[in-house]
Amino acid sequence: GINAEYGESTPGVALVYVDCVAHASICQNYRVNKYPTMKFIRGGELMKSEYRGQRSVEAITGHIKSLMEDPVKQLHGDTELSLAKEANKKKFVLGYFTSTNSYSYEVFKASAQVMHGQCQFYAIIGDDAKEKMMMMMMMMMM
């Protein structure tokens, strides 16, 4: 089952069951008003949408796996950006970064984790981003 795949041995995944009769205040705080309800907390933040998929082991573990994937897809240049725009019909956020080790990239990634499922986050990093970053800096100086 789910516990077997994502039990205590999986870093970053904790399965919690709450009895809403015995712990009504917890259920009120997390707005649980129907049963069963599955909420996900990622990066310390309650995710905006709750799980509404099938209640099968395969579906739930698939959803957990998707939540554990890197929320930022890295692109390499304008060609990949054009392809991503065509393929992705949802809203997306694009960031240009010198490195994945920067503070700004970490903030970008944290935002992507919180907004999982609402929009796609793309990043162009390193040499692929330098030209665009220089152009943006020059435009800001005008």
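Four nonpolar, four polar and four charged residues line the second largest pocket of this predicted model. Here Ala, Val, Leu, Ile, Met, Phe, Trp, Tyr, Cys and Pro count as nonpolar, Asp, Glu, Lys and Arg as charged, and the others, Gly among them, as polar. Among the lining residues are Glu 69, Lys 73, Ala 112, His 116, Cys 119 and Phe 121. A pocket is an open set of points on a 1 Å grid over the protein atoms alone, with protein on both sides within 12 Å along at least five of seven lines; lining residues have an atom within 4 Å of a point.

Residues are numbered from 1 along each chain as its sequence is written. The model is predicted, so local features need pLDDT of at least 70 and side-chain atom pairs 80 or more, while totals for chains, interfaces and linings use all residues; side-chain values use heavy atoms, without hydrogens and water.

Next comes the core. The largest nonpolar core has nine residues, including Val 72, Tyr 105, Phe 108 and Phe 121. Such a core joins buried Ala, Val, Leu, Ile, Met, Phe, Trp, Tyr and Cys residues through side-chain atoms within 4.5 Å. Buried means under 20% relative accessible area, exposed over 50%, partly exposed in between (1.4 Å probe, protein chains only).

Ser 102 counts as buried because its relative accessibility is 17%. Its side chain reaches the backbone nitrogen of Tyr 105 at 3.2 Å. Arg 31 counts as exposed, because its relative accessibility is 68%. Arg 31 is not a glycine, yet has a positive phi of about 55°. The peptide bond from Tyr 35 to Pro 36 is cis, with omega near -5°. Most residues other than glycine have a negative phi, and most peptide bonds are trans.

Note on methods:
A polar contact is a pair of N or O atoms within 3.5 Å; within protein, one must be able to donate a hydrogen and the other to accept it, and residues adjacent in sequence count only if both atoms are side-chain atoms. On a 1 Å grid over the protein atoms alone, a cavity is a set of points where a 1.4 Å probe fits but cannot get out, and a pocket is an open set with protein on both sides within 12 Å along at least five of seven lines; lining residues have an atom within 4 Å of a point.
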